[in-house]
Amino acid sequence: MTQISKDITIGELLQVNTGVIPILMAAGMHCLGCPSSRGETVEEACMVHGVDADAFLAQVNRFLEASEEAGI
């Protein structure tokens, strides 16, 4: 099972599964196409957007687990 941690960059996260885009957007991270945002870690992006990194990661990891179970 894929587990995402705070030190993965947004760009790497998007390479794992682009299905996380709605989760990022709902968290206020709308600048996914911006080159600098792709180099930010999840922790940095959460800090900049005032998002609890642990809660965000829990949501992302639940999504990824469900996606893997569904074969997506």
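Select L57 to begin: at 9% relative accessibility this residue counts as buried, where buried means under 20% relative accessible area, exposed over 50% and partly exposed in between, with a 1.4 Å probe and protein chains only. L57 sits in helix 5, helices being DSSP runs of H or I of at least four residues, and strands runs of E of at least two, numbered from the N terminus. The model on screen is predicted, so local features need pLDDT of at least 70 and side-chain atom pairs count only at pLDDT 80 or more, while totals for chains, interfaces and linings use all residues. Residues are numbered from 1 along each chain as its sequence is written, and side-chain values use heavy atoms, with hydrogens and water left out.

Now show the surroundings of L57. Not counting residues up to four places away in sequence, L57 touches I4, S5, K6 and V42, contact meaning heavy atoms within 4.5 Å. For a contrast in space, pick C34, which is 23 residues from L57 in sequence and 21 Å from L57, C-alpha to C-alpha.

With a relative accessible area of 34%, S5 is partly exposed, and, neighbours within four places in sequence aside, S5 is in contact with V42 and L57. A distance drawn between the C-alpha atoms of S5 and A58 reads 9.6 Å, although 53 residues separate the two in sequence.

K6 is the next selection, and at 28% relative accessibility K6 counts as partly exposed. Its side chain meets that of D54 in a salt bridge, 3.1 Å from N to O; the term requires a side-chain nitrogen of Lys or Arg within 4 Å of a carboxyl oxygen of Asp or Glu. This pair links distant parts of the chain, K6 in the segment before helix 1 and D54 in helix 5, 48 residues apart. A search of the whole structure finds 1 salt bridge.

T41 counts as buried at 17% relative accessibility, and, leaving out residues up to four places away in sequence, T41 touches K6, D7, I8 and T9.

The nonpolar core comes next. Such a core is a set of buried Ala, Val, Leu, Ile, Met, Phe, Trp, Tyr and Cys residues joined through side-chain atoms within 4.5 Å. The largest one has 19 residues, of which L13, L24, V42, F56 and V60 touch the most other members. Helix 1 (10-16), helix 2 (21-26), helix 4 (42-49) and helix 5 (53-70) each supply at least two residues of this core, and helix 5 gives the most, with 5 residues. Centre the view on L13, whose contacts, neighbours within four places in sequence aside, are I4, I8, V20, L24, V42 and V60.

To find the largest cavity, select I10, M29, C31, L32, S37, E40, A45 and H49, which line it. The lining divides into 5 nonpolar residues, 2 polar and 1 charged.

The last stop is S67, which lies in helix 5. S67 is buried, with a relative accessible area of 4%, and, leaving aside neighbours within four places in sequence, S67 is in contact with N17 and I72.

Methods: 1 Å grid on protein atoms, 1.4 Å probe; cavity = no way out; pocket = protein on both sides within 12 Å on 5 of 7 lines; lining within 4 Å. Nonpolar A, V, L, I, M, F, W, Y, C, P; charged D, E, K, R; others polar.
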